[in-house]
Amino acid sequence: MKRNQVPKGENLCDHCTALCCHYFALPIDQPNNRKDFDYIRWYLLHKHVHVYVDHDDDWYVEFQTECEELLPDFGCGTYADRPQLCREHGWPAGSCEFFADPHQHLFRCVRDFEAYLDERGIDWRWKRRPTVKQEGEAQ
């Protein structure tokens with residue numbers, strides 16, 4: 001359910017599907033050279049890994065993995081003792097994924113990221129080295 005579908009007067013958090021409990025993200029430096037671009041391409045070649053830029057132009061690598069304490073009803077199995085990071089997420093009210101898409105740019109696969117670089121005219125490709133034939137190899 002999207003925020004605009006929640007009936008007026010109802011608590012929005014009661015309709016949350018715990019989007020924030022299905023991944024974690026770590027900040028990374030903004031890429032600015034071929035080596036940086038290549039690292040991001042490598043991240044994106046792995047299953048369940050995304051990279052995104054938030055609305056403050058900060059870069060993150062995101063791991064799509066569910067919290068082990070997430071309950072079937074989207075509650076928290078350790079709510080009273082949950083980490084402080086969880087307590088602060090979405091506060092002030094309205095700053096979580098349920099309210100707005102946190103991504104300015106989301107790269108779900110290496111092709112998304114390469115297209116982003118190409119659209120901006122960024123030279124990210126490594127030059128191929130010529131193959132040296134070994135003695136005795138067919139021509």
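Reply: In this predicted model, helix α1 (residues 34-44) packs with helix α3 (residues 110-119) at an angle of about 150°. Their axes are 8 Å apart. Angles over 145 degrees count as roughly antiparallel, so α1 is roughly antiparallel to α3. From α1, the contact uses Phe37, Ile40, Arg41 and Leu44. From α3, Val110, Phe113, Glu114 and Leu117 take part. By class, the residues of this contact are 6 nonpolar and 2 charged, with no polar ones.

Now the sheet. It is open and has 4 strands, in the order β1-β3-β2-β4. The pairing is antiparallel. At the edges are β1 (24-28) and β4 (103-107), and each of them pairs on one side only. From one strand to the next, the twist averages 30°. Strand β2 (residues 49-54) is joined to β4 by 4 bridges. In one of these strands, β4, Phe107 is the bridge partner of Val51.

Both helices meet this sheet. α1 lies across β1, β2, β3 (59-63) and β4. Its direction runs at about 130° to β2. α3 packs on the sheet too, touching β3 and β4. The direction of α3 makes about 120° with that of β4.

A last point, on the cysteines. The count of disulfides is 0. For Cys76, the closest cysteine sulfur is in Cys67, 6.1 Å away. A disulfide needs the sulfur atoms within 2.5 Å, so that distance is too far for a bond. Cys76 is partly exposed, at 29% relative accessibility. Cys16 is partly exposed as well, at 28%.

Technical notes. Residues numbered from 1 in each chain as written. Predicted model: local features only at pLDDT ≥ 70, side-chain atom pairs only at ≥ 80, totals over all residues. Heavy atoms only, no water. Buried < 20%, exposed > 50% of the residue type's maximum accessible area, 1.4 Å probe, protein only. Axes fitted to C-alpha atoms, helices over the stretch in contact; angles between N-to-C directions. Helix = DSSP H or I, 4+ residues; strand = E, 2+ residues; numbered from the N terminus. Parallel < 35°, antiparallel > 145°, perpendicular 65-115°, else oblique. Contact = heavy atoms within 4.5 Å. Nonpolar A, V, L, I, M, F, W, Y, C, P; charged D, E, K, R; others polar. Pairing = 2+ DSSP bridges.
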